[in-house]
Each structure stands twice: as structure tokens, then as C-alpha cells.
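Open the model in your viewer and keep the selection tool at hand. The stops below go one after another, each with something to select.

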Amino acid sequence: MGDIAVVGVLGAGQMGGGIAQVIAASGLQVKLADMDLATSERGKVAIAGRLEKQVQRGRLSAEDCESLLERIVPVAAIADFADVDMAIEAASENFELKQKLFQQLDAVCKPEAILASNTSSISITLMAAATSRPDRFIGMHFFNPVPAMKLVEVIRGLATSEETYTATKSLAELAGKEVVSCEDKAGFVVNRLLLPFLNEACFTLEEGVSTIEDIDKAVNLGLNHPMGPFALADFIGLDTCLAIMEVLHKELGEDKYRPAPLLRKYVAAGWLGKKSGRGFYEY
Ligand SMILES: NC(=O)c1ccc[n+]([C@@H]2O[C@H](COP(=O)([O-])OP(=O)(O)OC[C@H]3O[C@@H](n4cnc5c(N)ncnc54)[C@H](O)[C@@H]3O)[C@@H](O)[C@H]2O)c1
């Protein structure tokens with residue numbers, strides 16, 4: 001993989017942890033940052049916990065597990081990314097936050113380093129404009145859970161160079177993923193199709209068409225989807241689902257993307273899905 005040897009992953013939550021894991025598994029060095037060192041370290045502990053299960057199931061050797069974990073170094077702040085060849089941002093889905101983080105990354109990372117965002121919905125071109133290197137800025141959208149999901153959507157901003165696209169595609173392939181190229185339009189491909197579906201499930205529930213369990217069962221058995229919409233929304237995180245719907249609504253400007261009031265209500269209550277212990281289901 002050309003010149004990328006050290007990758008900085010910013011955000012050690014469910015996506016950042018998964019991204020750090022698959023990149024370290026490909027043999028590269030990873031620096032993992034979050035709000036502070038303690039949060040980054042917690043992110044690494046979560047990765048270790050998942051890998052430990054793989055070892056117990058005989059899918060990963062104890063030696064490979066150990067060397068993979070050695071390649072992931074939790075760090076305290078973006079200031080520790082001075083030597084990374086590429087930084088992948090996987091912090092919370094909020095434009096102002098990401099804009100601020102990319103300004104900091106731009107100031108700290110070496111000029112040739114590529115900056116990538118794992119955003120689900122925010123414009124790559126808009127974030128790139130917050131940096132001095134829009135040609136070395138790109139969208140790299142992984143899917144959840146990252147170690148299991150084969151797809152990465154690679155999204156070019158208006159100014160993204162061909163070299164940046166090629167290097168990013170190669171990194172994704174090195175990490176065992178298949179790449180689909182997308183234009184910088186809200187939701188890209190998968191979320192443009194998926195989120196209105198999950199949102200419509202909320203309207204269907206709100207209108208009393210059926211229950212949570214039966215809507216999930218209908219999609220499970222009637223469409224052969226491995227997960228029903230409510231189980232999937234809980235898994236993604238209801239706050240993330242709402243944030244994506246808000247972007248689709250604002251950017252694409254059509255009523256069909258209006259977030260369901262029920263989805264807003266769950267998020268307002270702090271019922272964010274699996275990660276908070278309660279969403280449409282209790283965990
Ligand atoms: N959940 C999914 O299914 C999914 C899928 C694809 C992409 N994404 C995208 O990935 C990103 C992260 O989502 P997630 O599900 O991992 O969320 P998460 O809540 O699990 O993780 C977000 C992390 O960002 C950290 N963070 C917040 N502010 C920060 C700051 N100022 N500095 C450093 N770190 C900070 C949080 O502490 C947290 O660890 C979002 O942009 C989301 O849209 C999510």
C-alpha cells in the first residue's frame with residue numbers, strides 16, 4: 001500500500017474502534033484518539049474484548065490478537081497525529097464538530113497526509129473546504145460492524161485528487177473491503193436508500209399499522225433482511241439515524257425525508273438504541 005504506514009483514527013466509538021481494528025489487522029500502525037487519553041484507551045479495551053471472543057471461538061490466534069493490539073496505540077489528542085500518513089475521522093455526526101476537528105487535523109498532520117471522514121451524510125466538499133488540502137480530503141464510509149461488513153463507500157469531494165482516491169481505495173482493499181465509488185450527494189448510496197426506509201418504519205409504527213416486533217418480523221421474513229428496521233435502527237444508534245435524516249431533509253429538500261416525530265421523541269428521551277441500553281428494544 002504505497003506510502004501509508006501509520007493511520008490516525010479520530011473517534012474511538014463503535015465505528016472508530018472497528019476501523020482501527022481492521023486497519024491494524026492489515027499490518028499498519030494505528031494511533032487511536034478521542035476526547036482524551038482515558039476515552040481512547042476505553043476504545044482499545046472494547047476492541048480487545050471483541051478480539052478476545054474471536055480467539056475463544058478459534059477464529060484468531062492468541063499471537064495474532066496480541067500483535068494486532070500492539071499496533072493500536074491510544075493517544076491523548078489530535079496533537080499526537082503529527083506523523084500519520086492518513087487520518088480517518090469517526091467522531092460524532094455533527095458538522096460543526098467535524099469542521100473543528102478537521103481544522104485541527106489540518107494544522108497538525110503533515111502536508112502530504114490524507115484526511116478522510118467516515119461521515120454518514122455530511123458533505124465531503126464542505127468539510128474539505130475547512131482545510132488547506134481539499135485535494136487530499138476524501139470520504140471513507142465504513143459500515144457497522146466494521147470487521148464484518150465488506151463495503152466501503154469512497155466519496156470524492158469536488159477537489160479530491162485522483163491520487164487521493166487511489167490511495168484511499170487501496171487502503172480499504174488492504175483492510176479487506178470492497179469499494180464502491182460515490183459522488184458527494186447527501187447519504188451517498190446506502191444511507192440514501194436505507195434511512196428513508198428506517199424512518200418510514202417509524203411512521204408506520206406511529207400510525208399503528210403494526211407493532212415493533214411485527215414490523216421487524218415482516219421485513220425479516222417478507223424481504224429476507226437479516227434484521228428488521230427497528231433492530232437495525234437500534235444497532236446504528238437512533239441519534240445517528242436522526243442526524244442523517246436531518247441532513248437528507250436539508251440537503252435534498254424534499255418532504256419525503258422529514259424525520260418521523262417518533263424518532264425525534266426517542267432521541268429526546270435518550271433512548272438511543274443498543275449503545276444506551278434502550279431504543280425500540282431494551283438491551
Ligand atoms: N453507527 C453506524 O452504524 C455508522 C455507520 C457508518 C458511519 N457512521 C459514522 O461514524 C461516525 C461515528 O459514529 P459512531 O457510531 O462510531 O458513534 P459513537 O458515538 O459510537 O462514537 C463517536 C465517538 O466520537 C467521540 N468524540 C466526540 N467528540 C469528540 C471530539 N471533540 N474529539 C474526539 N472525539 C470525539 C466520542 O467520544 C465517541 O467515542 C459518525 O460520523 C457516524 O455518522 C456510523
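The shell around the ligand divides by class into 11 nonpolar, 13 polar and two charged residues. Here Ala, Val, Leu, Ile, Met, Phe, Trp, Tyr, Cys and Pro count as nonpolar, Asp, Glu, Lys and Arg as charged, and the others, Gly among them, as polar. This is a predicted model, in which local features need pLDDT of at least 70 and side-chain atom pairs count only at pLDDT 80 or more, while totals for chains, interfaces and linings use all residues. Residues are numbered from 1 along each chain as its sequence is written.

Select the ligand and the residues around it. The ligand is surrounded by 26 residues, of which G13, M15, E93, S120 and N144 are the closest; a residue is near a molecule if its C-beta atom, placed from the backbone, lies within 6 Å of it. Two or more residues of the shell come from each of α1 (14-25), α4 (95-108) and β6. With three residues, α1 gives the most. Helices (H or I, at least four residues) and strands (E, at least two) are DSSP runs, numbered from the N terminus.

Next, colour the two domains. The protein chain is divided into domain 1 (6-182) and domain 2 (191-273), with bounds that come from an automatic or database domain assignment. Their centres, taken over C-alpha atoms, are separated by 27 Å. Five residues from domain 1 and eight residues from domain 2 make the contact, where two residues count as touching if their C-beta atoms, placed from the backbone, lie within 7 Å. On the domain 1 side, the residues that touch domain 2 are one nonpolar, three polar and one charged. Both domains give residues to the shell around the ligand, so the ligand shell lies between them.

Now select strand β7 (residues 151-156). Five of its six residues are buried, so β7 is largely enclosed by the rest of the structure. A residue is buried if 20 or more other C-beta atoms lie within 10 Å of its own, exposed if 12 or fewer, and partly exposed in between, with C-beta atoms placed from the backbone. H141 has E153 in β7 as its bridge partner.

V152 stands opposite V179 in β8. With helix α6 (residues 162-174), β7 and β8 make a right-handed β-α-β unit: with the strands pointing away from the viewer, the path from the first strand over the helix to the second runs clockwise.

Move to the loop between β6 and β7, where P145 lies. The peptide bond from N144 to P145 is cis, with omega near 0°. Most residues other than glycine have a negative phi, and most peptide bonds are trans.

Two loop residues come next. F188, in the loop between β8 and α7 (190-206), has a positive phi near 50°. Is F188 buried or exposed? F188 is buried, because 22 other C-beta atoms lie within 10 Å. N224 sits in the loop between α8 (212-223) and α9 (229-236), and its phi is also positive, near 65°. N224 is exposed, with 7 other C-beta atoms within 10 Å.

Finish at E41, in helix α2 (residues 37-56). E41 counts as partly exposed, with 16 C-beta neighbours inside 10 Å. Select A76 as well: the C-alpha atoms of E41 and A76 are separated by 9.0 Å, although these residues are 35 residues apart along the chain.

Note on methods:
Pairing = 2+ DSSP bridges.
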